[in-house]
Amino acid sequence: MKIAVCIKQVPTREWQPRLNDDRTWIREADASFEMNEPDAYALEEALRLREKHGGEVVVCSAGPARVQQVIREGLARGADRGIHVDDAGLGAADGFLVAQALAHAMRDEAFDLVLTGLQSDDQGHAQTGVALAELLGIPHSTIIMDVEVSDGRVRVKRELEGGWFQWVSMPTPALLAIQSGINQLRYATLKGIMAAKKKEIRAVAPPAGLSAGLRIVGLALPSKSKQTALIAGPPAEAAAELVRRLREEARVL
Amino acid sequence: MILVVAELRAGTLNRASWEAVGCAQQLAGGEPLAVLVPGGGEAAKQLAEAGVGEVLAVEDAALTSYMPDTQVAAVAAVIAQTTPRLVVMAHTYQARDYAPRLAARLGAPLVADVIGVKGSGAAATFLRPMFQGKLVAEVAPHGEGPAIVTCQIGAFRADAVVKGPAAAVRTLSVPLDASRQTVEPPFQEAKQAVDLGQAERIVAVGRGIKAQDQIVVAERLAAAMGAEIAASRPICDNGWLPMDRQVGSSGQTVAPKLYVALGISGAIQHLVGMKGSRTIVAINKDADAPIFEVADYGIVGDLFDIVPAMTAEIEKQSH
């Protein structure tokens with residue numbers, strides 16, 4: 001089985017927001033980047049499916065040169081090869097644009113399954129995977145907590161709201177957006193890291209004529225919906241003051 | 001014209017669809033509204049009685065059980081027939097599942113997870129969270145065809161919808177693609193052992209707890225307070241606490257009188273499950289964490305210093 005995993009590179013969770021001069025994007029020079037965590041679950045699921053059914057896992061990412069780091073990390077965790085849609089403009093692109101770039105690079109590969117994370121921890125549009133399925137002309141399902149593959153079909157456990165689930169079946173090729181927590185992640189071993197250095201990453205130029213559907217007019221810190229009483233001071237004193245106020249002011253203890 | 005796409009759950013109207021109507025009214029500024037009910041039935045009549053605009057119903061048995069292929073075909077066909085300027089729906093799991101496919105088919109921009117609107121008419125822009133809620137982006141769609149907008153649950157008020165004289169239901173007939181997916185009936189996992197919805201107080205832990213064996217720090221505070229222990233999704237994903245302790249869009253929705261969030265950054269998926277709590281306390285080392293946006297009381301600092309001190313203070317006073 002030939003499985004693609006789409007992976008995005010995003011600022012680390014510890015990153016503190018810094019904006020560029022016109023406040024329409026972040027100051028990338030100040031950010032450090034890592035693999036989008038929801039995509040790590042998709043990669044892990046792909047590796048498990050390969051262990052069960054054989055075949056190949058291909059890591060695909062669209063973005064500037066820096067995204068090779070997450071492709072390399074995917075290879076170190078066990079993927080077989082990588083595809084990099086290489087373009088400086090794709091780092092801040094919206095989901096549909098990224099989907100078009102990926103579709104262009106992936107179409108001729110004829111993957112049996114395409115796995116993605118549910119959404120990215122940066123822009124969080126949660127669109128790339130589903131839009132990619134439409135562009136590739138294959139069925140999709142999202143928020144997947146279990147995957148069973150047999151005889152050209154896939155049966156998946158889809159999460160609904162409020163603790164409900166549903167099994168959905170469809171023919172392959174298909175695209176699945178994997179829910180975080182579906183599996184326990186593995187990390188790269190030293191052997192994996194060494195092996196990754198020899199694996200192929202194919203660079204592809206994005207198709208000509210892509211244009212953004214969404215324009216970021218401005219970015220800002222969120223406005224607060226509540227006035228928070230921030231309690232300062234050394235930990236023991238702040239803790240005692242908080243407990244006092246919860247008892248006497250809020251009357252909840 | 002603005003087209004609202006309502007959502008049915010087992011034949012009944014999803015409450016969040018009213019919020020989408022509220023969002024559309026805010027965007028309209030005098031422009032007419034229409035509401036599409038894929039599946040039609042009682043929900044279409046209910047919407048027509050509320051008089052928020054013409055109600056369009058596609059009565060087709062293939063739409064009674066949601067599947068993305070048929071849903072996309074139906075909504076795309078209605079958009080082609082009615083040429084709306086904007087299409088508005090609630091940002092439910094169902095919308096997340098098919099709206100990007102619909103947008104890709106139409107080549108239309110999709111503004112997802114909208115929490116606010118600036119202006120109305122063609123010049124309107126949309127506010128949506130980015131970077132896990134650390135930033136809010138003002139976004140403008142552009143391109144040919146209608147823009148599609150999904151509204152975050154709870155961001156627009158269902159009770160602010162302006163009602164009018166009852167409108168008509170117009171039944172549309174549209175060609176539907178055969179679905180490539182087949183679905184089985186929805187089910188719940190083994191009955192939830194813990195009903196956090198009944199708890200008066202909740203102490204919840206997030207990534208800031210760092211390791212499973214440190215959850216005991218939070219458990220001691222919970223015991224001292226007479227609180228249930230709960231967690232954000234990543235903690236349950238890691239298996240550090242059982243799934244039935246999870247608060248958020250994929251877990252339980254709670255509204256206790258006291259909610260203490262320890263090392264929880266406050267991603268929207270968590271906030272929607274707890275922001276109705278009466279008093280919210282946040283303890284987090286990151287002063288910019290979105291959890292402080294909803295907190296009544298906050299301490300910026302190391303939870304491993306603060307929480308044991310709180311526990312000791314409560315235990316001291318109760319003896």
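Colleague: What makes strand E4 (residues 33-38) and strand E5 (residues 54-58) of chain B a pair?

Modeller: Two strands pair if DSSP finds at least two bridges between them. E4(B) and E5(B) are joined by 5 bridges, so they meet that criterion, and they run parallel. Within the pair, B:Val35 is found opposite B:Val55 of E5(B). The elements themselves are DSSP runs, helices (H or I) of at least four residues and strands (E) of at least two, numbered from the N terminus. The model is predicted, so local features need pLDDT of at least 70 and side-chain atom pairs pLDDT 80 or more, whereas totals for chains, interfaces and linings use all residues. Residues are numbered from 1 along each chain as written, with chains lettered from A and ligands numbered from 1 in written order.

Colleague: Why are strand E7 (110-114) and strand E12 (169-171) of chain B said to stand at the edges?

Modeller: The open sheet has 7 strands in the order E7-E11-E6-E1-E4-E5-E12 (chain B), with parallel pairing. E7(B) and E12(B) each have a single partner strand, so one side of each lacks a neighbour in the sheet. Neighbouring strands are turned by 25 degrees against each other on average, direction ignored.

Colleague: Which strands does helix H1 (residues 16-28) of chain B touch as it packs on the sheet?

Modeller: H1(B) touches strand E1 (2-5), E4, strand E6 (86-90) and strand E11 (147-151) of chain B, where contact means C-beta atoms, placed from the backbone, within 7 Å. The direction of H1(B) makes about 150 degrees with that of E6(B). Such angles run from 0 to 180 degrees between N-to-C directions, along axes fitted to C-alpha atoms, for helices over the stretch in contact. H3(B) also packs on the sheet, touching E1, E4, E5 and E6 of chain B, and makes about 150 degrees with E4(B).

Colleague: Why are H3(B) and H4(B) called oblique?

Modeller: The axes of helix H3 (residues 68-82) and helix H4 (residues 93-106) of chain B come within 9 Å and cross at roughly 50 degrees. Angles under 35 degrees count as roughly parallel, over 145 as roughly antiparallel, 65 to 115 as roughly perpendicular and the rest as oblique; the two helices are therefore oblique to each other. H3(B) passes H4(B) in a right-handed crossing, the near helix being turned clockwise from the far one by less than a right angle. Among the residues making the contact are B:Val72 and B:Ile79 of H3(B) and B:Tyr98 and B:Leu102 of H4(B). By class, this contact has 8 nonpolar, 1 polar and 3 charged residues; Ala, Val, Leu, Ile, Met, Phe, Trp, Tyr, Cys and Pro count as nonpolar, Asp, Glu, Lys and Arg as charged, and the others, Gly among them, as polar.

Colleague: How many residues of chain A are in contact with chain B?

Modeller: On chain A, 66 residues are in contact with 70 residues of chain B. Helix H6 (235-248) of chain A is one of the elements giving two or more residues to that side, and H6(A) gives the most, with 9 residues. The side divides into 39 nonpolar, 18 polar and 9 charged residues. E13(A) and strand E19 (residues 297-300) of chain B pair in the parallel sense over 2 bridges, and A:Leu230 stands opposite B:Gly298 in E19(B).

Colleague: What separates domain 1 and domain 2 of chain B?

Modeller: The bounds, 2-171 for domain 1 and 196-318 for domain 2, come from an automatic or database domain assignment. The centres, taken over C-alpha atoms, are separated by 34 Å. 7 residues of domain 1 of chain B contact 7 residues of domain 2 of chain B.

Technical notes. Contact = placed C-beta atoms within 7 Å.
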